[in-house]
Amino acid sequence: MKAIKPATVALALTLALSGCGEKDKQQQTATPAASVTAHIAVVQKTVVPVISTAPGSVIAEQQAQIASRLMGFIREINVQEGQSVVAGQRLFTVDPSDIQGQVSQARAGLAQAEAALADAKNDYQRFGTLYKEEAIPKQQWDKIRLQYQVAQQQAAAARAGLGTAAAQMRYATLTAPFAGIITQKLANVGDLATPGKPVLMLENQSRLQVQTSVSSDVFAHLKLGDSVSLQANDTGTAITGKIARLVPAADPATRTYLVKIDLPPGTQLKSGMYVLVAFPTGQREGVRVPWSAVLDRAGITGVFVVDAQGIAHYRMVRVGDTSDGQVEIQAGLTPGERVVTSATAQLQSGDKIVNAGSGNV
């Protein structure tokens, strides 16, 4: 067998590598950068609102804890959690046996007092005639008259006692004070209802507010009726509310001030939802771009910047507050640069941008 010389092997490898290099160059030349038609905007300085954000919760402006004024076992509960009720609708009933006994006792006491009053009245009329005829002394007449007055007062007290006992019977059946939704049921049939212990929670969800707390610096910029932006994280809904209450007394524990914001009618927010409240507290110079220019690629927030040759380059930026379809760029862009504002979904760094229209950001 004929041996292959080392020089021949080296030459063959050199030729093979050279051929691969030429092939790669041909492939690179064959796949030029794509051309994409897109809108371009020139970044300029602008006045940026200073926004302070605070977490808030949606609450019902009108809510009530439904409790019994009587002590007794709950006989029935006529509603369930989540059920809508109208004003005056029966909610639950407490066993009124004790109150019925008090009513019977008060009624018997009234009957006794009225009988005593009738007897005292007869004495008053009979002895009054005798006194006019000077048949009895004044001292005896004064005593009879006093007894009649006492009997009148005792009868009046007995009537009041019966009225109070009868009024207590009304609290054996609890009704809804306003239309709303039952949000909590805190007891069951057979439980002992006691005065002041809530059995049901009722909310009027047609009148909702957002409740939040702010620092003294933010509170100093707020006025009743100011519009504020609200972002619901649960639904991504952005709405505008108006400041309805400003409590000027700070919480001694947190040193913050309570703010309540009215929600517009027909809002899709629900009681208990978490929202982010944006309070405008001033203005400053900054840079903003349309929201359509900002992307998230592999977890990196950035924009496509177009250079002088029209080539797009993806650049990481730090974003700030969003309002009116514009995003504040806190770092990563300077005035005078150009950014792509459309057709960014499939755009890649190195693509050639064909300007479909431009303007100032």
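Is Glu 76 buried, partly exposed or exposed, and what is its relative accessible area? Glu 76 is partly exposed, with a relative accessible area of 28%. In this report, buried means under 20% relative accessible area, exposed means over 50%, and partly exposed lies in between, as found with a 1.4 Å probe on protein chains only.

The model is predicted: local features need pLDDT of at least 70, side-chain atom pairs count only at pLDDT 80 or more, and totals for chains, interfaces and linings use all residues. Residues are numbered from 1 along each chain as its sequence is written, and side-chain values use heavy atoms, with hydrogens and water left out.

**Salt bridges**

Side chains of opposite charge can pair when their charged atoms come close. A salt bridge is defined here as a side-chain nitrogen of Lys or Arg within 4 Å of a carboxyl oxygen of Asp or Glu. The structure holds 11 salt bridges, and the table presents some of them.

| Pair | Closest N and O atoms |
|---|---|
| Glu 76 and Arg 90 | 3.8 Å |
| Arg 126 and Asp 123 | 2.8 Å |
| Asp 142 and Lys 138 | 2.9 Å |

Glu 76 forms its salt bridge with Arg 90. This pair links distant parts of the chain, since Glu 76 belongs to strand β3 (residues 72–77) and Arg 90 to strand β5 (residues 90–94), 14 residues apart. Arg 90 is partly exposed, at a relative accessible area of 43%. Helices (H or I, at least four residues) and strands (E, at least two) are DSSP runs, numbered from the N terminus.

Arg 126 and Asp 123 are 3 residues apart in helix α2 (residues 97–132), so about one helical turn separates them. Asp 123 is buried, with a relative accessible area of 17%, whereas Arg 126 is partly exposed at 46%. In helix α3 (residues 138–170), Asp 142 and Lys 138 are 4 residues apart, about one turn of the helix. Asp 142 is partly exposed at 26% relative accessibility, and Lys 138 is partly exposed at 47%. A network of salt bridges links Lys 138, Asp 142 and Arg 145.

**The surroundings of strand β5**

Strand β5 is mostly covered, with 4 of its 5 residues buried. Two strands pair if DSSP finds at least two bridges between them. Strands β3 and β5 run antiparallel and are joined by 3 bridges; the bridge partner of Ile 77 in β5 is Phe 92. Strand β5 is also joined by 3 bridges to strand β6 (residues 173–175), and these two run antiparallel. Here Thr 93 stands opposite Thr 173 in β6.
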